[in-house]
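Have the viewer open while you go through them.

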Amino acid sequence: MKALLPDIVHAWRVHRATPVASSIAVLVLGVALGFMTAFLSLFSDLLPQPHRGFEDADGVATLVVQMPEHANPVNTRFLERAGEEISGIAAVAGVNGNQIEWREGTRIDLLSAEMVTRGFFDGLRPLLVLGRGIAAEDHRQDGASVAVISHALWQRRFGGRPDVLDKKLDLASEAMGSNDDETVDLGGYRIVGVAHPDMNGTFDGNVDLWLPAEQLLPKRLTGRLAGIGLGNMSMFRALARIAPDRSLESVQRELAAAHANGAFDGMGIPSDDVRMLIYPGVTQDPGRQAEARRQVGMFSLVGLLVVIVAGANVGLFLLARAPGRRRELGIRLAVGAPMKRLRRQLLVESALLVAAATLVGIVLALWMMVGFQDLAFLDGARFKGVSLLDWRVLAGVVGVTALATLLVSLAPIAGLKRLGVIGATRQVRARPGLFQRFGGALQIAIAGVVACVALGFVLYLLDLRSRDLGYSTDDLVVISPAFGGTVFTSDTGTAERTRVRRERQRNTLLQIPGVEAVAFGSPVPAGKVGMTFSFRLSPPDRPDQNVSVALGSADPAFPALLDLRVLHGRWPDAGDESGYVISRALAEAALGHVDVVGEVLPPIQGPGMGEPRPVVAVVENVFFDHPENPDDPRIYSESTFMSGNDRILLKTRLPLDTLRQELNRLIEAGELEIEIQFLFRPRDRFRELLAPDRSRLYLSGLAAVTALALALFGFYGIQRFLVDAGRREFAILAAIGAGPKRLRRRVIGTGLMLGLPGLVFAGPLGYLALAALKPEFLPESIPALAIVVFVLAALAALLVVTSLAPARRAAEIAPAAQLRED
Amino acid sequence: MTDPSPLIALAGVERIFATETLETHALDGIDLEIDSGEYVTIEGPSGCGKSTLLSVLGLLDEIDGGEYRLAGVPTGEIDAEERARLRNREIGFVFQSFNLIPEMSVLENVALPLVYRDGVGAGDRLRRAGEVLERVGMAARADHRPNQLSGGQQQRVAIARALVGQPSLILADEPTGNLDHENGEQIMALLAELNRSGVTLVTVTHNPEYAAHAGRRVAMLDGRLRVGEQASA
């Protein structure tokens with residue numbers, strides 16, 4: 001270190017002599033390092049980690065029944081079958097989160113509870129500090145009413161005293177299956193254990209107590225649900241403990257095989273498009289986490305590329321300064337400084353620059369990380385607590401910093417070999433050196449690749465926004481009432497009551513000035529549907545296959561208000577329940593063609609469907625959700641057991657605030673019997689739906705602009721350096737008759753040749769990058785080849801534009817003055 | 001060019017170099033005429049303006065006053081592209097420090113002016129360059145690089161480059177300045193031979209021995225032609 005001190009002092013002086021240029025170099029590299037470090041930190045945070053609330057936490061995993069868009073909850077029959085069939089699973093249990101009332105005299109506290117199935121405590125082994133867990137016999141329906149409380153609740157309400165065991169909690173909860181806000185008294189639950197502080201919940205934090213699901217949940221089921229039974233209620237998220245001698249991968253394979261062999265048929269698992277997956281750790285939505293990780297990983301890679309471009313850029317900047325320092329270094333050589341010493345000096349100068357940039361980068365990363373977590377395409381991902389102190393992140397940053405130092409120092413060190421005081425003054429022509437060629441090509445190639453990716457996202461977003469969604473959202477407002485409960489019957493009396501209710505509400509709403517039309521139905525555009533019901537039918541020509549059929553309710557005003565396209569037949573009038581309206585997708589899936597008016601669908605397996613009815617109309621498919629997600633094959637009926645969950649659609653231009661005021665007035669006056677949960681314009685919600693795509697576009701666009709600006713700036717620097725260093729040659733060429741135009745063309749031609757290797761690499765790499773992003777981030781329809789060709793052409797044009805200023809400089813060289821210097 | 005009027009006609013030519021604090025009249029009212037086929041040497045002490053005068057004659061520098069006509073063309077009225085064209089077609093320049101391109105071979109260096117002449121293909125360029133190299137006695141070194149040649153050989157190549165475009169005027173600025181006496185003699189002899197073949201030759205030298213080769217000697221001092229500058233051959 002002592003020997004390095006003079007080098008460090010000298011390096012500081014060298015950089016201080018050109019404060020603006022050195023500051024720009026530090027900032028450029030710092031921003032690039034910050035960008036990469038921020039994403040690397042997020043990636044590290046998204047990596048699955050063991051839940052410290054369990055014994056041998058590494059063995060606890062999340063078992064997921066993954067549908068294309070979401071994880072499907074499971075029932076206790078599935079859990080039992082999984083435990084029996086999969087030898088790699090030593091224990092399995094389900095968890096259902098809910099809110100429970102704790103009544104203590106007149107005091108009522110709302111507690112966060114997890115209802116857990118058999119195997120949770122004795123199989124998964126969460127940590128306890130007092131007492132015991134819920135035993136197997138407690139999980140019987142007639143088992144004892146016992147509870148385990150959290151450490152926080154123990155401290156908060158029981159003072160942390162050991163005499164908490166055997167105390168009773170009087171609990172109550174909302175009934176399930178009731179149309180009213182009915183509360184069920186669950187009785188007294190005896191505290192048998194206290195959880196460790198690290199066990200504050202499985203999927204959600206801040207859980208207050210754990211209760212036996214098999215014993216408690218049946219008390220909550222009322223109405224039709226009471227007859228269904230807990231074993232058929234798919235409402236649990238599953239956790240498993242991997243057998244000690246097994247790996248996660250082997251269990252995954254076993255799961256997939258068991259599923260393929262039909263081990264889980266009849267267990268309430270949809271049979272199409274389902275994958276059985278097992279993830280390390282306890283993660284609420286592991287599929288979402290994995291997807292977030294992939295996206296963050298992608299941007300970490302982009303960040304690394306930008307760092308490389310920035311490093312090469314700064315290296316070229318140092319090289320461009322080299323002619324001015326050539327004399328100094330040449331004199332040092334002349335007085336006996338060994339080459340090794342000069343190399344060390346240049347390395348220290350580069351390292352100082354990079355060290356400063358790293359500090360700037362870490363500070364920027366701390367700020368960027370907070371912002372990046374809010375990126376729309378990371379919505380739903382859970383961050384545990386992003387930290388730069390994670391050794392993996394620090395190792396990554398140190399590694400990249402070392403790479404950047406190497407890159408940055410290579411240029412001037414390579415230039416040292418061509419030193420010499422005498423030689424410097426005799427130089428006639430400046431050729432681009434190896435590092436300049438390599439650095440220039442690398443920057444252009446990376447900028448080209450990132451530009452291809454960004455353009456891909458641009459085209460994708462434009463495509464999404466221009467797609468025909470199958471309906472119109474002009475002047476459309478949706479009222480989403482609080483869940484009105486389901487009516488599990490196909491009794492015509494209920495259908496009539498639904499029609500009467502709708503007419504009453506329609507007449508009331510039409511009284512609001514500015515409301516032009518009212519319709520009722522579900523699902524609706526951009527509506528967040530809480531509960532969905534789907535059924536199955538088997539096509540007559542493929543009886544062994546199941547087609548998933550979704551149910552939608554729609555009054556006769558629904559298609560007109562949304563401008564749905566009726567392809568065949570006619571939407572039935574009010575009260576006409578003689579037939580079904582189905583979507584094109586259902587017609588094709590069930591009957592193999594679209595014009596199926598008059599045909600009868602195969603029997604549909606599901607409650608409340610009644611006798612088969614003929615098809616009376618076929619409507620075009622709609623995209624109520626993200627434009628990439630077409631609606632399920634659907635039956636529309638005026639009245640279904642979902643009609644109690646109608647959304648109300650209004651055609652109006654009233655501002656939402658004004659409309660809300662009017663609605664509240666009607667509700668308070670008792671003229672409108674609804675509770676508004678959401679009030680929104682689907683057009684606005686769509687912007688949110690496309691927000692992840694937009695944010696991916698903005699981020700990749702930012703990276704592309706940064707990489708492009710750096711590359712072109714570096715390229716300009718090379719050109720400018722070559723013109724300045726080759727002034728003499730340009731003067732000679734002028735002397736022998738090369739005019740200004742020729743000289744300009746020469747510089748531009750040199751520039752294109754310099755950039756050509758970069759363009760050559762950018763082409764195939766850009767194509768491969770786009771291919772790698774399909775189909776997860778970009779659709780197959782994105783024209784990769786056209787994008788690559790466009791980007792290469794644009795890059796070539798930019799190289800020409802970047803060369804214009806140096807070219808003019810070359811053309812304006814005064815030959816006489818230049819040739820007089822010697 | 002067979003026009004009987006002077007090839008070069010300078011009338012009151014001025015060239016001023018100005019800095020923030022100082023104005024230097026490198027050429028201060030030069031009147032000079034040179035006929036086609038003449039061999040003129042411009043002599044004078046260091047800093048008197050001879051190289052500036054040569055640069056002006058070679059259209060490498062612009063004038064700040066007066067008029068310069070080259071083959072009857074008023075050079076002040078033509079643009080940079082036309083000046084370059086004239087330089088390429090009518091003028092050959094020989095420099096003191098040779099100014100060959102190190103990365104090119106001898107043959108490529110000689111052919112270089114023809115690259116900027118329209119209508120001359122690559123094969124033709126190299127053929128004509130070879131012929132000129134033959135003329136200056138350097139054909140055997142056509143594939144060598146300049147740094148493989150002696151000073152005298154490099155200057156011969158530079159002369160060949162100046163000749164390849166068949167100019168009507170050769171301007172040589174201290175062509176023997178970097179050479180030893182023997183090589184200097186050879187170069188001056190070569191230039192004299194070229195003049196005898198009809199090329200108008202204007203040289204700058206501070207060596208009176210070499211100046212004696214010229215048909216007319218012009219003396220300069222402080223940017224002006226000295227009274228009685230016409231020296232006899």
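Before the points, one cut-off: a residue is called buried when its relative accessible area is under 20%, and exposed when that area is over 50%. Keep in mind too that this is a predicted model.

1. Let's begin with chain A as a whole. It carries 23 helices and 22 strands. Of its 822 residues, 52% count as buried. Looking at contacts in chain A with a separation of 6 or more, 81% are between residues 24 or more positions apart.

2. Now helix H22 of chain A, which runs over residues 784-811. Its buried residues are A:Ala784, A:Ile787, A:Val788, A:Val791, A:Leu795, A:Leu799, A:Thr802, A:Ser803, A:Pro806, A:Ala807, A:Ala810 and A:Ala811. What covers them? Among the elements that do so are four helices of chain A: H13 (434-466), H19 (691-725), H20 (727-735) and H21 (740-773).

3. On to chain B and its helix H5 (151-163). Why call it largely enclosed by the rest of the structure? Because 11 of the 13 residues of H5(B) are buried. They include B:Gln154, B:Gln155, B:Arg156 and B:Arg161, along with B:Val157, B:Ile159 and B:Leu163. The end C-alpha atoms of H5(B) are 18 Å apart, which agrees with the 18 Å that its 13 residues should span at 1.5 Å a residue.

4. The packing around H5(B) involves both chains. Its buried residues pack against H20 of chain A, and also against E6, H3 (106-115), H4 (122-136), E7 (169-173) and H6 (181-196) of chain B. H20(A) turns up in point 2 as well, where it is among the elements covering the buried residues of H22(A).

5. Cavities next. How many of 30 Å³ or more does a search of the whole structure find? Three.

6. E6(B) provides the largest share, three residues. The lining divides into seven nonpolar, three polar and two charged residues.

7. Some backbone details to check. Most residues other than glycine have a negative phi, and most peptide bonds are trans. Against that background, A:Ser522 and A:Pro523 are joined by a cis peptide bond with omega about 0°. A:Pro523 is in the loop between strands E13 (515-522) and E14 (534-537) of chain A. The bond from A:Lys774 to A:Pro775 is cis too, with omega near -5°, and A:Pro775 is found in the loop between H21 and H22 of chain A.

8. Two non-glycine residues with positive phi are also worth a look. A:Asp56 has a phi of about 45° and sits in the loop between H2 (19-46) and E1 (60-66) of chain A. B:Leu59 has a phi of about 60° and is found in the loop between H1 (50-57) and E4 (65-70) of chain B. Are these residues buried or exposed? A:Asp56 counts as exposed because its relative accessibility is 53%, whereas B:Leu59 is buried, with a relative accessible area of 2%.

Key:
Residues are numbered from 1 along each chain as its sequence is written. Chains are lettered from A and ligands numbered from 1 in the order in which they are written. This is a predicted model: local features need pLDDT of at least 70, side-chain atom pairs count only at pLDDT 80 or more; totals for chains, interfaces and linings use all residues. Side-chain values use heavy atoms; hydrogens and water are left out. On a 1 Å grid over the protein atoms alone, a cavity is a set of points where a 1.4 Å probe fits but cannot get out, and a pocket is an open set with protein on both sides within 12 Å along at least five of seven lines; lining residues have an atom within 4 Å of a point. Grid points are joined across faces, edges and corners, and a volume is the space filled by probe spheres set on the points. Ala, Val, Leu, Ile, Met, Phe, Trp, Tyr, Cys and Pro count as nonpolar, Asp, Glu, Lys and Arg as charged, and the others, Gly among them, as polar. The expected span of a helix is 1.5 Å times one less than its number of residues. Buried means under 20% relative accessible area, exposed over 50%, partly exposed in between (1.4 Å probe, protein chains only). Contact means heavy atoms within 4.5 Å.
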